[in-house]
Every structure is written in C-alpha cells, then in structure tokens.
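The exercises below ask you to read a protein model step by step, from the surroundings of a ligand to the packing of helices and domains. Keep the sequence and the structure in view while you work through each solution.

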Amino acid sequence: MRVAFPHMGSAPIALEGLLRVLGAEVVLPPKPTREITELGARLAPEMMCVPFKLTLGNMFRCLEAGADVLAYVSGSWSCRFGYYGRLQAQILRDEGFQFRLLELRHDRIPGIVREVLRLNRGRMSSAVLNSVRAFRIGWLKSTAVEEIESRFREALPNARDARGCCRLVDTLIQEVRTTSKPAALTRIRDTARARFDALPRNGRTRVLRVKLVGESFCVIEPFINFDIIARMGEMGVLVEPSLTSHRWIGFHGFRLNKGEVGRMRRLSAPYWRYCVGGEDQNSVGHLLLAAQRRFDGVIHVHPFGCMPGTVVQPTMAKAARDNNISYLPLSLDEHSSETGVVTRLEAFASLIEKRRRRHVV
Ligand code: SF4
C-alpha cells in the first residue's frame, strides 16, 4: 500500500511518521509551488477555493509518483472542505488514475480498521500494537514540531540574525523528521526553547503582537500566505496563528477541544450568531480575544471565493473598529502577487507601530 495525503503546513511530518510505523509506504506530498497550484487550477472548477486547487495538484503529483491510496480527512460539513476528497477523487479518476480513496471520518471507522488490518496481514494483535506505537510517534512528532514552531515565532522578532533563526527552525524540524525514537523526539521537544534562547538578540525592547486568523489552510500553509509569520517576524512583529498544523489535527481532525469552540461561540455571539461554515465564527471570536489580550492587530486571511471567509469580513472590520484593534483582511488566490501582499504587510506593521507609540507616549 502506497499512501499519499494532501500537504498542509507541517502536518506531513507527524502523518508520515504515524503511517510508516503502521506499516504503510508513504508517498510524501511535494511542497506547494506555483507550478503545482497552476496544475490544480487547470484541473479544478474555476470557482473552487485555492486550497482545493493546491491540494488537487499535490495529489496529482503523488499519483504520478506511484501512490495507490489517497487519504483525506473528510466529512459532511457546511463547508466544502468536507467534500474535497470525493470531488478530487472524481477529477483524478477522470484523468485516468486508479487508486483507493480512504476517507478519514468517524462514520468510516470500520473501513479504516480494515486498512490497518490489511497492513498487518490480517493479524489483529500486531494491528493493535502497531496502532498504539504509531499514534505515540505521530503525537510526539506533532508536539515536537508545535513546540519548535512556537519558540521560533517568539525568537524571530528578537533575533539579531533572522536567517540564523530560520536555519535553526529548519534544522530542528529536520531532526524531528528523521527520527522515530520516542526518547530523541522528547529530547528535541524539551530542548527547543533553550536552543532558541541561545541565539544572539537584537536588543529590541517592544515586540508588536498580531493575531493571524481566518480560513485554516491559509493560516497554516506558509506558501499560500506568503509566509506571513516569518516575514512579519523579521519586521519585529510576533504573529500568533489561531491554528497550527498540530492544533488543526486535534481541533478539526479529531474534533478535540470542544471547550475552545464553545468559548469562540460565546465571544462572537454579539456579532456573529452562528457558523455558516469554515472558520467564520472562530475568526470573529479570536479577533475579540486578541483585542481583550491587547494585541496590536489582527490579520484575517481567506481564499478568494471562500464563502464563509468573504461574508464574515465586514463583520470582522466592524468588530475590530468597535474594539479598537487594527485589522488587515487579505484575500488570497493563485493570482495573488507576493509584492502586493508584502507591501500591505509592511504598511500594516508600520501602522500598528505608530499606534503603539501614540498609546505608550
Ligand atoms: S473554508 Fe472556504 S476556502 Fe476553506 S474549504 Fe471551505 S470554502 Fe474552501
């Protein structure tokens, strides 16, 4: 069995580890590029959102590389994300590829168990044992990456050598990728803070803080959002995302953290009464939470053509005005220009810097 899954942020690191321990051969999805986005855009219906196009191009390349099973987190939700797997499978079959579609959803558990048993030649005891080991390794890798990325976000605005800080995050992520030993993964996770703390600092005394909210894929995947976290970090702005790959797997994949959903619902209620799909309600809630926590601004990213992201935007702008927090909406698609986005980020950084100075003086 040669399994592939769509690329999103750093999620492939944990998923690859988990699937290998389960006994599957993994066809790693290629990192997103403009060429892959264009390939997906050519195959997809024109008005589909850019995450669909990018992951479609991604899966096309995986099938060319020999994948015979495509795995998707899937479901019947208000947002079309839940149908990505089935729609993409149809398009890819029309292109002549043959493969099995593995939908990771709660009402398909028997099918998932059958696949795990097949990987273990039908032996239940080794299937159970390998599943426990696989989830442990997947969890350790995912939490290690979460810790590394979180320390990186904090360190970058204060780092004297931004490139050195970016090199360190790449090195640590590579260490996580190449080991499957629990003790090594725990050590990498537990020493990440000290390794970032050891970097020379630039002496900056005030770091501006911005919350990054919006559609999951656009928040998590640096290729789509033009690496907002690193770019703004280099401008001296700490960007805290509402979702990371690790949190997405727990939050959306396994539907954990119901408390946070409830909290966002309560916070957003004066502005947004119910979720119309995607991350609309969570985005309003996180914006209001950021205002309460005295962040300097909120950046709201969503794909062009994303219904929930588009309809919630005027409400987000009003909530930001009412709560006196700077707000930058960014609509992204395969035609977005890097220069245009970076110029707006620079202008936003300068605006929040001036606002902070006005309030401090
Ligand atoms: S939230 Fe928007 S962009 Fe994301 S899958 Fe749904 S419609 Fe597409």
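Helices (H or I, at least four residues) and strands (E, at least two) are DSSP runs, numbered from the N terminus. The model is predicted, and local features need pLDDT of at least 70, side-chain atom pairs count only at pLDDT 80 or more, while totals for chains, interfaces and linings use all residues. Residues are numbered from 1 along each chain as its sequence is written.

**Exercise 1. The shell around the ligand**

Find which residues surround the ligand, and state which helix gives the most to the shell.

Solution. Begin with the rule that a residue is near a molecule or strand if its C-beta atom, placed from the backbone, lies within 6 Å of it. With this rule, 13 residues surround the ligand, and the closest are Cys-49, Cys-79, Phe-81, Gly-278 and Cys-306. Next, look at the elements: helix H14, residues 307-311, gives the most to this shell, with three residues. Then sort the shell by class, where Ala, Val, Leu, Ile, Met, Phe, Trp, Tyr, Cys and Pro count as nonpolar, Asp, Glu, Lys and Arg as charged, and the others, Gly among them, as polar. The shell around the ligand divides into nine nonpolar, two polar and two charged residues. Finally, bring in the domains, whose bounds come from an automatic or database domain assignment: at least three residues of the shell come from each of domain 1 (2-119) and domain 3 (206-361).

**Exercise 2. Helices H3 and H4**

Determine at what angle helix H3 and helix H4 pack, and name the residues that make the contact.

Solution. Two packed helices are described by the angle between their axes and the distance between the axes. Axes are lines fitted to C-alpha atoms, for helices over the stretch in contact, and angles run from 0 to 180 degrees between N-to-C directions. Helix H3 (residues 50-64) and helix H4 (residues 84-94) pack at an angle of about 50°, and their axes are 11 Å apart. Angles under 35 degrees count as roughly parallel, over 145 as roughly antiparallel, 65 to 115 as roughly perpendicular and the rest as oblique. H3 and H4 are therefore oblique to each other. For the contact, two residues count if their C-beta atoms, placed from the backbone, lie within 7 Å. Phe-52, Thr-55, Leu-56, Met-59, Phe-60 and Leu-63 of H3 make the contact with Tyr-84, Gln-88, Ile-91 and Leu-92 of H4. By class, this contact of H3 with H4 has eight nonpolar, two polar and no charged residues.

**Exercise 3. Helix H6 and its partner H7**

Describe how the axes of H6 and H7 cross, and say which residues meet.

Solution. The axes of H6 and H7 come within 10 Å and cross at roughly 175°, so the two helices are roughly antiparallel to each other. Lys-141, Ala-144, Val-145, Ile-148, Phe-152 and Ala-155 in H6 meet Cys-165, Val-169, Leu-172, Ile-173 and Val-176 in H7. The contact of H6 with H7 divides into ten nonpolar, no polar and one charged residue.

**Exercise 4. Domain 2 against domain 3**

State how many residues of domain 2 are in contact with domain 3, and which helix gives the most to that side of domain 2.

Solution. The C-alpha centres of domain 2 and domain 3 lie 24 Å apart. Across this pair, 13 residues of domain 2 are in contact with 15 residues of domain 3. Helix H6 (124-155) and helix H7 (162-178) are the elements that give two or more residues to the side of domain 2 that touches domain 3, and H6 gives the most, with seven residues. By class, that side of domain 2 has five nonpolar, three polar and five charged residues.
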